[in-house]
Amino acid sequence: MRGWMRPLILSALILGAAPFTAGSALAQNAGSQNGGKPAAGKEAAKEAPKTAAGSAIAQAPFAEQPFPLQDDGTYKEFIGAAAADLNRRCTKQENYGWAFKKDDDARRDQILESTLGGFRKAGWKLGEVRIRSIRDPGTTAYTAEKAKQQLLAIWTPMEDAAILLLCETESVQATKK
């Protein structure tokens, strides 16, 4: 019965990027309405989308600064199911998104490589993993280990955006029957 939920979760994950890409388009439209000139003072602070310089969980910088994404529970459920497939449980979680021109594969790949490079420079050992609950062939999952800390990162590319879900994980204790 739960088999129908997995594709639904992935669809929700992709649809969850809509506010993020729409917000980017709105910010671009606001700039064009101003004659392409940046807004001044308090108005600029309201219009300019805030980006993240780095991941607080991984203590790693982003070369290409993403937008922090709000979660309505969809991202948490999706990455939680992926972590469970690895016998792990998410504790802290972060969600990021990047926008770029439609079908700009080179830019998308550059963002991924610079992000993974930032994690490596921060001392994380990364490994790509296959997770049975992730059915989209374009979505890639990575584990990252450093000292006694382990992260799960899920990279989901789209036509004009990409999402990175990141969580700190801990092992799931086996329950005795």
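Is Cys 167 buried or exposed? Cys 167 has a relative accessibility of 0%, so it counts as buried, where buried means under 20% relative accessible area, exposed means over 50%, and partly exposed lies in between, with a 1.4 Å probe and protein chains only.

The structure is a predicted model, in which local features need pLDDT of at least 70, side-chain atom pairs count only at pLDDT 80 or more, and totals for chains, interfaces and linings use all residues. Residues are numbered from 1 along each chain as its sequence is written, and side-chain values use heavy atoms, with hydrogens and water left out.

The pLDDT, which is the predictor's confidence in each residue on a scale from 0 to 100, averages 80 over the chain, and 70% of the residues score at least 70. Over residues 1–39, however, pLDDT stays under 50. Where pLDDT is low, the predicted coordinates should not be read in detail.

Cys 167 forms a disulfide with Cys 90, and their sulfur atoms lie 2.1 Å apart, while the definition asks for a pair of cysteine sulfur atoms within 2.5 Å. The torsion about the S-S bond of Cys 90 and Cys 167 is about -50°, and the disulfide is therefore left-handed. This pair links distant parts of the chain, since Cys 90 is in strand β4 (residues 88–99) and Cys 167 is in strand β8 (residues 161–171), 77 residues apart. Strands here are DSSP runs of E with at least two residues, helices are runs of H or I with at least four, and both are numbered from the N terminus.

Another strand, β6 (residues 140–146), holds Thr 140, which counts as buried because its relative accessibility is 15%. Leaving aside residues up to four places away in sequence, Thr 140 touches Glu 128, Ala 153, Ile 154 and Trp 155, a contact meaning heavy atoms within 4.5 Å.

Most residues other than glycine have a negative phi, and most peptide bonds are trans. Gln 59, although not a glycine, has a positive phi of about 50°, and it lies in the loop between β1 (54–55) and β2 (60–61). With a relative accessible area of 59%, Gln 59 is exposed. Ala 147 also has a positive phi, near 55°, and is found in the loop between β6 and β7 (149–157). Its relative accessible area is 84%, so Ala 147 is exposed.
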